[in-house]
Amino acid sequence: MADFSPAAPLATPAPGSGDRWRQTHLGRLMGSALRRFDARVLQLMARNVEVPLALSNLAARDQVTAAHVHITRHLALQGDRLTDLAQRAGMTKQAMANLVDQCEAWGLVTRQADPLDARARRVCFTPTGLAWLQAFRDAVAQAEAEFRAEVGHDVATVVAIGLEAYAGGDTGA
């Protein structure tokens, strides 16, 4: 049985194994899987008749990217300050501000006065943004179902449990 303890590296290249490890290490595989999953979610959203046509067209023409999905993933239903949203998404405030500007132009979000601080603004979903969020939820559910069908229920469950444990682990080694 393989040892997957933190002391045992997962993909130590054997002497003379060449360059193959660079294409098959765990980080690269997770990144490739994430790009495939996000692309499928955006594809499903582009085909969703509940998504406003203008947004569907943007998604179909690859104008909406995985970066835009960060807002969908991380914006609280009650809204967030830009700095909090950027921090939760793991982005700089400036990069998030650019995404919020685009999403605001598309009608997904709006900036409103913060009731707790007159100097601050909150980013909030618009009704169109909430429809987009529901389409995102539906697309994620379908993409997850497709993943389960492709790799099998047991493997999908183990992958989900493993990724959840790894993502929640201490990264400050």
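Colleague: Is Arg 122 buried or exposed?

Modeller: This is a predicted model, so read the values as computed from it. Buried means under 20% relative accessible area. Arg 122 has 18% relative accessibility, so Arg 122 counts as buried.

Colleague: Where is the place of Arg 122?

Modeller: Arg 122 is in strand E3.

Colleague: Which backbone oxygen does the side chain of Arg 122 reach?

Modeller: That of Gly 79, at 2.6 Å. Now list what Arg 122 touches, leaving out residues up to four places away in sequence. Among them are Gln 78, Gly 79, Asp 80 and Arg 81. Thr 110, Arg 111, Gln 112, Asp 114 and Pro 115 are also touched.

Colleague: On to the sheet. In what order do the strands stand?

Modeller: Start with the general idea. Strands of a sheet pair through backbone hydrogen bonds, either parallel or antiparallel. Here, three strands form an open sheet in the order E1-E3-E2, with antiparallel pairing.

Colleague: Which strands stand at the edges?

Modeller: Strand E1, residues 80–81, and strand E2, residues 109–114. Each has a single partner strand, so one side of each is left without a neighbour in the sheet.

Colleague: How many bridges join E2 to E3?

Modeller: Six, and the two strands run antiparallel. E3 covers residues 117–125.

Colleague: Which helix lies across E2 and E3?

Modeller: Helix H6, residues 93–105. H6 runs at about 115 degrees to E2.

Colleague: What pattern does the chain follow along the sequence?

Modeller: Count the elements, then read them in order. The chain has eight helices and three strands. The pattern is α-α-α-α-β-α-α-β-β-α-α.

Colleague: Now the core. How many residues has the largest nonpolar core?

Modeller: The general idea comes before the case. In soluble globular proteins, nonpolar side chains tend to be buried together. In this model, the largest nonpolar core has 29 residues. Ile 71, Met 96, Val 100 and Val 109 have the most contacts inside it.

Colleague: Which elements give two or more residues to this core?

Modeller: Helices H2 (26–47), H4 (66–74), H5 (82–89) and H7 (127–151), along with H6 and E3. H7 gives the largest share, seven residues.

Colleague: What does Val 100 touch?

Modeller: Again, leave out residues up to four places away in sequence. Val 100 then touches Ile 71, Leu 82, Leu 85, Val 109, Arg 111 and Val 123.

Colleague: Take helix H2. Is Asp 38 buried or exposed?

Modeller: Asp 38 lies in H2. At 8% relative accessibility, Asp 38 counts as buried. Its side chain makes a polar contact with the side chain of Arg 73, at 2.4 Å.

Colleague: And Arg 47: buried or exposed?

Modeller: Exposed means over 50% relative accessible area. Arg 47, also in helix H2, has 58%, so Arg 47 is exposed.

Colleague: How far apart are Arg 47 and Ala 135 in sequence and in space?

Modeller: They are 88 residues apart in sequence. In space, they are 9.8 Å apart, C-alpha to C-alpha.

Colleague: What share of the chain is buried?

Modeller: Buried residues make up 29% of the 173 residues. For contacts, count those with a separation of 6 or more: residues 24 or more positions apart account for 50% of them.

How values were computed. Residues are numbered from 1 along each chain as its sequence is written. This is a predicted model: local features need pLDDT of at least 70, side-chain atom pairs count only at pLDDT 80 or more; totals for chains, interfaces and linings use all residues. Side-chain values use heavy atoms; hydrogens and water are left out. Two strands pair if DSSP finds at least two bridges between them. Helices (H or I, at least four residues) and strands (E, at least two) are DSSP runs, numbered from the N terminus. Contact means heavy atoms within 4.5 Å. Axes are lines fitted to C-alpha atoms, for helices over the stretch in contact, and angles run from 0 to 180 degrees between N-to-C directions. A nonpolar core is a set of buried Ala, Val, Leu, Ile, Met, Phe, Trp, Tyr and Cys residues joined through side-chain atoms within 4.5 Å. Buried means under 20% relative accessible area, exposed over 50%, partly exposed in between (1.4 Å probe, protein chains only). A polar contact is a pair of N or O atoms within 3.5 Å; within protein, one must be able to donate a hydrogen and the other to accept it, and residues adjacent in sequence count only if both atoms are side-chain atoms.
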